Amino acid sequence: MEINFNYVHVSASQALENFTSEKINALGDRYDFIVKADVYYKLENTSDDSTGKIAEILLSAPGPRLYASSSQKNFEHAVSEVISQLKVQLDKRKAKMKTH
């Protein structure tokens, strides 16, 4: 599976890419129909310390693309939240693929 990392107003981090790749590859092992993942890291100017680090993941799979986004206090928490959102969407997609 191909994974593209994009940073918007954030400096690149190999540790963050490794963490995210691990999570996405685990999804790829469970759902073998995933073709590609586009990951976006963004900073949001906010007065709340518990948000502001945004992680967005766009998955390419058969059918419409799957998208999830989360704003948390750090990127690792945001990525974990996005992965759990995508699992729900992937379960629904997998169920539809089996019935048709």
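Is aspartate 91 buried, partly exposed or exposed? Aspartate 91 is partly exposed, with a relative accessible area of 36%; buried means under 20%, exposed over 50%, and partly exposed in between, using a 1.4 Å probe and protein chains only.

## Basis of the model

This is a predicted model, in which local features need pLDDT of at least 70 and side-chain atom pairs count only at pLDDT 80 or more, while totals for chains, interfaces and linings use all residues. Residues are numbered from 1 along each chain as its sequence is written, and side-chain values use heavy atoms, with hydrogens and water left out.

## Salt bridges

The whole structure contains 3 salt bridges, each defined as a side-chain nitrogen of Lys or Arg within 4 Å of a carboxyl oxygen of Asp or Glu. One of them joins arginine 30 to aspartate 91 at 3.9 Å, N to O. Arginine 30 belongs to helix H1 (residues 14–30) and aspartate 91 to helix H2 (residues 75–99), so the pair ties together parts 61 residues apart in sequence. Helices (H or I, at least four residues) and strands (E, at least two) are DSSP runs, numbered from the N terminus. Arginine 30 is partly exposed, at 47%.

Lysine 42 and glutamate 56 meet in a salt bridge of 3.2 Å, N to O. Because lysine 42 lies in strand S2 (residues 36–43) and glutamate 56 in strand S3 (residues 53–60), the pair ties together parts 14 residues apart in sequence. Lysine 42 is partly exposed at 25% relative accessibility, whereas glutamate 56 is buried at 12%.
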